[in-house]
Amino acid sequence: MSRCYCEQCGYPETACVCAAVSAIYPSSQLLVLQHPSEVEHAKNSVRLLQLAVPDVRVIVGETEADFAELRAELARDNMPTFLLYPSENSQLLQTDDSSEAVRLILLDGTWRKTLKMYRLNPWLQALPQRYLPLMAPTAYRIRKANRSDSLSTLEAAAVALSQLEPGLDVAPMHVLLAELVEQRLRRMPVKVRERY
Ligand SMILES: [Zn+2]
């Protein structure tokens, strides 16, 4: 039997998140570089991020060649661009960074895959790098249940935007995240759910 999917959010109709979607339009530009292994991953959070922040851009790839076109494009504009990545040279992402509109690049993949992307792309290493302050993630519960990074990109984007644009209401992103977590918990067998 084939499952019916919601045309708007792309989730199975039984798990439709549309009612929880309220789009926000930050002045910062979010650019997600998604590892190919994430594209078909059911638990990937980027689709939700795209619902919450319609202007987000997603480019799939891993190697420098995969991003050649993007790099040429980025080289043509002067928008300050930061990489969200906790490297040795990384600095805390702060509002000061956003006196003008900035572009923030997020890597979407498991810890291992994003490390690989970072290593394969010297142009990413050459970008100024930022990390997020530790904040209690709303979806922490589900992280134990699934892959350690299952919802990280949506969460990271929400935290990053609130750092960059303190006046921006990112609550809709957290609402969406919470909705997804609730749905997943509801679908878990009770015995499993009790552990979270
Ligand atoms: Zn829907």
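**Salt bridges, strand pairing and cores in a predicted model**

A salt bridge is formed between E73 and R57, whose closest N and O atoms lie 2.7 Å apart. E73 belongs to helix 2 (residues 68–76) and R57 to strand 2 (residues 57–60), so the pair ties together parts that are 16 residues apart in sequence. Both side chains belong to residues of intermediate accessibility: E73 is partly exposed, with a relative accessible area of 30%, and R57 is partly exposed as well, with a relative accessible area of 26%. The model in which this pair is found is a predicted one, and a search of the whole structure finds four salt bridges.

Among the four, a further salt bridge is formed by E62 and K116, with the closest N and O atoms 3.4 Å apart. This pair links distant parts of the chain, 54 residues apart, since E62 is placed in the loop between strand 2 and helix 2 and K116 in helix 3 (residues 111–120). E62 has a relative accessibility of 16% and therefore counts as buried, whereas K116, with a relative accessible area of 42%, is partly exposed. The side chains of R103 and D77 likewise meet in a salt bridge, at 2.5 Å from N to O. Because R103 lies in strand 5 and D77 in the loop between helix 2 and strand 3, this pair ties together parts that are 26 residues apart in sequence. R103 counts as buried, at 2% relative accessibility, while D77, at 29%, counts as partly exposed.

The overall arrangement of the chain gives these pairs their setting. The secondary structure of the protein chain comes to eight helices and six strands, and from the N terminus on the elements follow the order β-α-β-α-β-β-β-α-α-β-α-α-α-α. Of the contacts in the protein chain with a separation of 6 or more, 73% are accounted for by residues 24 or more positions apart. Buried residues make up 45% of the 196 residues, and the chain exposes about 10600 Å², of which carbon and sulfur atoms supply 51%.

R103 also takes part in the pairing of strands, for in strand 5 this residue is the bridge partner of T81. Strand 3 and strand 5 run parallel and are joined by four bridges. Strand 3 is also paired in the parallel sense with strand 6 (residues 129–131), over two bridges, and in that pairing L84 stands opposite R130 of strand 6. The side chains of strand 3 are divided between two directions, T81 and L83 pointing one way and F82 and L84 the other way, and all of these residues are buried.

The largest nonpolar core consists of 34 residues, of which L49, L104 and M173 touch the most other members. At least two residues of this core are supplied by each of strand 1 (29–34), helix 1 (46–52), strand 3, strand 5 (103–108), helix 6 (152–164) and helix 7 (171–187). The largest share, seven residues, comes from helix 6. With residues up to four places away in sequence left out of the count, L104 touches Q29, L30, L31, F82, L84, L93, A160 and L164. A second, separate core holds 16 residues, including L33, L74, M117 and Y118.

Y118 is also one of the residues touched by S87, the other being Q129, when residues up to four places away in sequence are not counted. S87 is found in the loop between strand 3 (81–84) and strand 4 (91–92). Although placed in a loop, S87 is buried, because its relative accessible area of 16% falls under the 20% limit.

The structure holds zero disulfides. C6 is buried, with a relative accessible area of 14%, whereas C18, at 24% relative accessibility, counts as partly exposed.

Definitions and conventions:
Residues are numbered from 1 along each chain as its sequence is written. This is a predicted model: local features need pLDDT of at least 70, side-chain atom pairs count only at pLDDT 80 or more; totals for chains, interfaces and linings use all residues. Side-chain values use heavy atoms; hydrogens and water are left out. Buried means under 20% relative accessible area, exposed over 50%, partly exposed in between (1.4 Å probe, protein chains only). Contact means heavy atoms within 4.5 Å. A nonpolar core is a set of buried Ala, Val, Leu, Ile, Met, Phe, Trp, Tyr and Cys residues joined through side-chain atoms within 4.5 Å. Accessible areas come from the Shrake-Rupley method with a 1.4 Å probe; for residues, only the protein chains shown count as cover. A disulfide is a pair of cysteine sulfur atoms within 2.5 Å. Two strands pair if DSSP finds at least two bridges between them.
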